[in-house]
Amino acid sequence: MSQRINLIKHVPDIYHHFIEAEKILRGSELPTATFELVKLRASQINGCAYCVDMHSRDMKKSGESDERLWMVAAWREATVFTPAERAALALAEEATRLPDREAVPDAVWEQAREHYDDKQLALLIAAIAMINAWNRIGVTARLAPGA
């Protein structure tokens, strides 16, 4: 499959604003591992090979263990994630799969609330929304993994 379109070339201002939002999220008080885990999990759900490849590589470079990378797709059964990371992964899954249900279940929200303050929850929601937007760009434009 070849790439359909280059968004950077045709809408550089939009791309620039997406990158700026990512920088804000990366520099925030949202734990880096949590930020990366939710991006990887949403990308897996959305079938964005470009993002799965990129975020897996980024996580590995930042010192993430192979075991945790391998276990993201099966995080519910894995024992390598903290309770806070598990709550973030659950929220990421529910928010990513909105077309499959009416809303994020209260139980998932309350679980996340146990581990994150309001600012961190707002950042987590923004991070989940951003990766879902990136995934839709990647899948629609057919971005190639490893590019």
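Okay, some housekeeping. Because this is a predicted model, local features need pLDDT of at least 70 and side-chain atom pairs count only at pLDDT 80 or more, while totals for chains, interfaces and linings use all residues. Residues are numbered from 1 along each chain as its sequence is written, and side-chain values use heavy atoms, with hydrogens and water left out.

Let's start with the record. An unreviewed UniProt entry carries the annotation "domain: Carboxymuconolactone decarboxylase-like" over residues 12–94; such annotations may be inferred rather than shown by experiment, and positions are in the numbering used here, with feature names shortened. In the model, that span is 73% helix and 0% strand, and its end C-alpha atoms sit 31 Å apart. Helices here are DSSP runs (H or I, at least four residues), strands are E runs of at least two, and both are numbered from the N terminus.

Now the packing. Two packed helices are described by the angle between their axes and the distance between the axes. Helix 2 and helix 8 pack at about 145°, axes 11 Å apart. Axes are lines fitted to C-alpha atoms, for helices over the stretch in contact, and angles run from 0 to 180 degrees between N-to-C directions. The crossing is left-handed, meaning the near helix is turned anticlockwise from the far one by less than a right angle (clockwise would be right-handed). Which residues of helix 2 make the contact? They are Tyr15, Phe18, Ile19, Ala21, Glu22 and Leu25, and among their partners on helix 8 are Met130 and Trp134. Contact means heavy atoms within 4.5 Å.

On to pockets. A pocket is an open set of points on a 1 Å grid over the protein atoms alone, where a 1.4 Å probe fits, with protein on both sides within 12 Å along at least five of seven lines; lining residues have an atom within 4 Å of a point. Volume is the space filled by probe spheres set on the points, which are joined across faces, edges and corners.

The largest pocket is about 460 Å³. Of its 20 lining residues, Tyr15, Tyr50, Met54, Trp134 and Leu143 lie nearest the centre. Helix 4 gives the largest share, five residues.

The second largest pocket holds about 160 Å³. Leu91 and Trp109 are among its lining residues, and helix 8 gives the largest share, five residues.
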